[in-house]
Amino acid sequence: MPARHRLGSLHLNLLTDGVFYQDAGAVFGIVPRVLWERIGVEMNARYQMAIGLNSLLVESQGKTVLIETGVGEKERPLGQTERPGGISLLEELAAVGVAPADVDIVVNTHLHADHCGWNTKKQADGTYTPTFANARYLIQRGEYDACMNPNERTRATYFAENVTPLADTGQLELLDGETRVTDEIIIIPTHGHTADHASVILSSGGETAIYIGDMIQHTVQLERPPWVSSFDIFPIEAMETKKAVVRKAVDEQQLVIAVHADFPGLGRMSESSDGKWKWTDVTPSG
Ligand SMILES: [Zn+2]
């Protein structure tokens, strides 16, 4: 079920593509198990933990903007995905009255397989076409290059079929760093998880939110900056980026939207008198 939250005059629609099962040891990276076990991580028999797949749909200045497209129907990430009631991002879009053809702009924070799966759909003849036929797809140029030229480390998660069909139809728009989408939505570079990972800032009526993409897979990683995951390609940069983002989120009381937190992934960061950061869930309202 979609969740709705008001940010100034913007209606934020949080949509789920299901839950994604990731190896818990990989999520917590260099952190010893004796430390992360204490925070109460639930694991299945394969030592995997469930993480969210929270996309964001927002109408801004006449544009219907979809941020992140989940796992989609690509075989391998789908094998790690659970969709209660068979509900995927497409059913969630329908539930808020949006058909794929209504989407004007798609934003991918990066191109790992659990973030851009519904960019494209497989046709009966085995070819892939854009799911959102009328949309411009906004992707950082460096991220696109990394996806199209994967290395031994990144090959398993970069699928050309999530991207090349967009280029074929002329719907792919490559960005060079900070980009204004509307007066209320700005894409900003947030290096670390990948070299050209991006986040999205939304502002309206004096309120600001940041959609942080894959900066974390568990909210404790926002509270403890050195807790970076094995999925971060540039761990030290990821830590520095996270520190800067959390500092700003605390100081400016930004709403934080985390794709991989439990649905709907809304929270705020606060700082205790002894300088410790804390995530608190925000219940969607308005
Ligand atoms: Zn991810």
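Seven strands form an open sheet with mixed pairing, in the order E11-E12-E13-E14-E15-E16-E17. Strand E11 (179-182) and E17 are the edge strands, each pairing on one side only. Averaged over this sheet, neighbouring strands are turned by 30 degrees against each other, direction ignored. Axes here are lines fitted to C-alpha atoms, for helices over the stretch in contact, and angles run from 0 to 180 degrees between N-to-C directions. Two strands count as paired if DSSP finds at least two bridges between them. Helices (H or I, at least four residues) and strands (E, at least two) are DSSP runs, numbered from the N terminus.

The model is predicted: local features need pLDDT of at least 70, side-chain atom pairs count only at pLDDT 80 or more, and totals for chains, interfaces and linings use all residues. Residues are numbered from 1 along each chain as its sequence is written.

The secondary structure of the protein chain comprises eight helices and 17 strands. The radius of gyration of the protein chain is 18 Å, close to the 19 Å that the globule rule gives for 286 residues, so the chain is as compact as a globular protein of that length. This radius is taken over C-alpha atoms, and the globule rule is 2.2 Å times the number of residues to the power 0.38. The C-alpha trace spans about 55 × 45 × 40 Å along its principal axes. Buried residues account for 47% of the 286 residues. A residue is buried if 20 or more other C-beta atoms lie within 10 Å of its own, exposed if 12 or fewer, and partly exposed in between, with C-beta atoms placed from the backbone. Of the contacts between residues at least 6 apart in sequence, 67% join residues at least 24 apart. Contact requires C-beta atoms, placed from the backbone, to lie within 7 Å.

Strands of a sheet pair through backbone hydrogen bonds, either parallel or antiparallel. Strand E13 (residues 198-204) and strand E14 (residues 207-211) run antiparallel and are joined by five bridges. Leu 202 stands opposite Ala 209 in E14. The two strands form a hairpin with two residues between them. In its turn, Gly 205 has a positive phi of about 55 degrees. On to strand E15 (residues 255-257), E14 pairs in the parallel sense over three bridges. Ile 210 has Val 256 of E15 as its bridge partner, and Tyr 211 has Ile 257. E16 and E17 pair in the antiparallel sense, over five bridges. Here Arg 268 stands opposite Thr 280 in E17. E16 and E17 also form a hairpin, with five residues between them. Gly 275 in that turn has a positive phi of about 85 degrees.

Ala 209 lies in strand E14. Ala 209 counts as buried because it has 25 C-beta neighbours inside 10 Å. Leaving out residues up to four places away in sequence, Ala 209 touches Leu 7, Leu 202, Gln 254, Leu 255 and Ile 257. Ala 209 and Leu 7 are 202 residues apart in sequence, yet 7.7 Å apart in space, C-alpha to C-alpha.

Helix H8 (residues 235-251) has 17 residues. From first C-alpha to last, H8 reaches 24 Å, close to the 24 Å expected at 1.5 Å a residue. The expected span is 1.5 Å times one less than the number of residues. The buried residues of H8 are Ala 238, Thr 241, Lys 242, Val 245, Val 246 and Ala 249. They cover an arc of only 130 degrees around the axis, which puts them on the same side of H8. The arc is that of the directions from the helix axis to the C-beta atoms. An α-helix has 3.6 residues a turn, so residues three or four places apart point the same way. The face of H8 turned away from the buried side carries the exposed residues Ile 236, Ala 244 and Asp 251. Cover for the buried residues of H8 includes E14, helix H7 (220-223), E15, strand E16 (266-271) and strand E17 (277-281). Just after H8, Gln 253 takes a positive phi of about 50 degrees.

Arg 136 is in strand E9 (residues 136-140). Arg 136 is partly exposed, with 17 other C-beta atoms within 10 Å. Beyond neighbours within four places in sequence, Arg 136 is in contact with Ile 105, Gln 171 and Glu 173. Arg 136 and Leu 172 are 36 residues apart in sequence and 6.1 Å apart in space, C-alpha to C-alpha.

Methods. Contact = placed C-beta atoms within 7 Å.
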